[in-house]
Structure formats: structure tokens, C-alpha cells
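Have the viewer open while you read.

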Amino acid sequence: MENIKSFLALSCIALTLLSCNKEDEAVQTNADTASLKVTQDVLNKISSLSLNNKDVQVIKNTKLDGTTEDAFLIEGCIVMTEDQLKKADLHGGITTEQYRTTNLVSAPRTIRVVGLTGTGTSALSTNMRNGLQAAINRYNNLGLSINFTLTFSSSTSGANIVVRRQTGSAGGVAGFPSGGNPYNSVTLYSGLDSYSTNVNAHVAAHEIGHCIGLRHTDWFSRQSCGQNSNEGTAGVGAVHIPGTPTGYDATSYMRACFSSSETGAFNANDITALNYLY
């Protein structure tokens with residue numbers, strides 16, 4: 001990762017190091033047509049949830065039924081509507097290094113995941129389907145108090161999380177759980193079609209991590225993005241999980257950015273964190 005970041009700093013080639021968001025021009029909406037505004041109250045609320053309130057955008061989020069809604073894009077890959085933002089709260093404070101901002105998923109339970117198929121643009125590509133299957137397998141192999149079932153279908157009936165494809169740069173977006181339920185959708189962008197199954201598995205697992213309440217492990221530095229910026233903890237703090245690093249974890253699947261050489265596997269610290277939560 002260090003070599004890749006150094007190379008990027010010299011050459012500015014963007015595709016070698018990827019964040020979990022789309023390219024800026026692909027997610028921004030026209031300020032004159034958006035019904036939402038990034039006000040100081042919105043920024044204060046985001047900060048109170050221990051989320052980074054820098055560079056918050058208003059986007060057109062495509063819902064599962066194909067309609068669109070204005071939503072906030074936070075930290076580049078967290079989607080929250082105005083109503084979700086208003087209702088979000090910290091329950092018991094920050095609990096892990098891979099810290100959460102809303103409640104966790106109620107456990108024990110089975111989470112039903114549907115990967116969309118069909119002939120439309122929202123249907124997952126072969127790489128996305130294979131990557132999603134690998135990601136689900138890795139979660140289930142941990143024996144957590146939450147487990148996942150995966151079905152590939154054009155029907156979303158009964159799904160807790162729907163995984164879909166959308167045109168955009170390589171990466172994905174998701175949201176946080178609420179009311180004890182996981183966030184209900186993961187969007188994988190079409191730029192992933194040209195990347196390996198392992199990279200697709202990494203991105204799918206990362207976005208599902210957000211759906212069950214995880215945040216970026218390098219929130220304090222965003223080193224994986226070649227940055228040196230603290231996402232902040234809004235005075236709440238980030239309680240370290242015993243047995244996991246206190247500093248930068250260069251191979252965690254919940255890093256803010258990822259490389260084109262990802263294996264899709266959880267490292268030992270990721271497994272410790274997931275077992276701590278679930």
C-alpha cells in the first residue's frame with residue numbers, strides 16, 4: 001500500500017487506489033434543483049453522530065423501486081435521507097475502533113440478502129455476483145450471532161439488504177442500521193465490472209460492514225486514501241478493541257480506501273472486531 005500511495009502522489013493515477021465512493025461529478029446534484037440543503041444544523045447533526053461533516057453532498061439516491069430521492073452523501077460512501085439523519089442517534093456511545101454511529105443490528109438474527117439479477121442496469125455483473133457470494137461466505141464462516149442468506153433474484157421480496165449495480169466509478173455506497181435492522185441496500189458501481197472478483201468481494205464486504213454498523217478503521221487519518229485528515233469523533237471518542245491495533249491497520253477491510261490488489265479477506269483484527277460486536 002505504501003508503494004502504491006507513493007506512486008499515486010507522483011503520477012496522480014486515480015484508478016490504482018480507490019475509495020468507496022463514486023467520482024464527485026457522478027454524485028453531485030444541481031444545487032438549484034435539490035430540495036435538501038447542507039445547512040449548519042445538518043452539519044451539527046452529522047457531527048453529533050461522530051461522522052465527518054466535511055464535504056457533505058446532496059445526491060439523487062435511486063431507491064429500490066427505481067424512484068429517486070434527495071439524500072446526503074457523508075464521508076463519500078454513507079447515504080442518509082433527511083428523515084434518517086433526524087432519527088439517528090448514538091446508543092451507548094462509540095463501542096469499537098471500527099466504531100458505529102447508530103444502533104447495531106439486533107442479534108441473534110438472520111439477515112436476508114438479495115443480489116439483483118435480470119436484464120436491467122441494476123442487475124449485478126458476474127464479478128459482482130461472485131464477489132458478493134465470497135463476501136457473504138466470509139461473514140458466515142465466522143460463526144457470528146448474525147448470519148446471512150444470499151439469493152440472486154429480480155425480486156426483492158423479503159430482503160433485508162438488496163445489493164444492486166449502478167453506473168458509476170469503481171466502489172459502492174451503503175448506510176447505517178436503524179431500529180435494530182441493517183441498512184436495506186448496497187449499491188455497487190459499474191466501474192467494478194473491470195476489477196477482479198477479489199476486489200468485488202472486498203467492496204461488497206465493506207459496504208455490508210456499513211450496513212451492520214461499522215465505520216472506517218482509519219477514521220483518524222484516512223491513510224488508505226493517501227490523506228492525513230481526521231474524520232473526528234465529535235467528543236465521543238473511539239474505544240479501542242483489545243487485541244486490535246491502536247494505529248493504522250493497513251489490511252483491514254474497513255479502510256476508507258482500497259487498492260486494486262485486494263484479496264477480499266478479513267484480517268485477524270477485523271475478525272476480532274466482528275466477534276466483539278456480534
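The points below cover some strand pairing and a set of aromatic contacts.

1. First, a reminder that this is a predicted model, and everything below was computed from it.

2. Start with strand E5, residues 109–116. E5 pairs with strand E6 (residues 146–153) in the parallel sense, over 8 bridges. To get from E5 to E6 the chain goes through helix H5, residues 126–140, and this β-α-β crossover is right-handed.

3. Now the rings: the count is 4 aromatic pairs. Tyr 139 and Phe 148 have ring centres 5.2 Å apart and planes at 50°, so call that pair tilted: stacked would need under 30 degrees, edge-to-face over 60. Both Tyr 139 and Phe 148 are buried.

4. Tyr 139 also forms an edge-to-face pair with Tyr 253, at 6.2 Å centre to centre and 75° between the planes. This one links distant parts of the chain, 114 residues apart: Tyr 139 is in helix H5, while Tyr 253 is in the loop between helix H6 (197–211) and strand E10 (257–259). Relative accessible area is 0% for Tyr 139 and 1% for Tyr 253.

5. Put together, ring pairs link Tyr 139, Phe 148, Tyr 253 and Phe 266 into a cluster.

6. One more ring contact: the charged end of Arg 129 sits over the ring of Phe 152, 4.5 Å from the ring's centre.

Conventions: Residues numbered from 1 in each chain as written. Predicted model: local features only at pLDDT ≥ 70, side-chain atom pairs only at ≥ 80, totals over all residues. Heavy atoms only, no water. Pairing = 2+ DSSP bridges. Helix = DSSP H or I, 4+ residues; strand = E, 2+ residues; numbered from the N terminus. Right-handed = clockwise from strand over helix to strand, strands pointing away. Phe/Tyr/Trp six-rings, centres within 6.5 Å; stacked < 30°, edge-to-face > 60°. Buried < 20%, exposed > 50% of the residue type's maximum accessible area, 1.4 Å probe, protein only. Lys NZ or Arg CZ within 6 Å of the ring centre and 35° of its normal.
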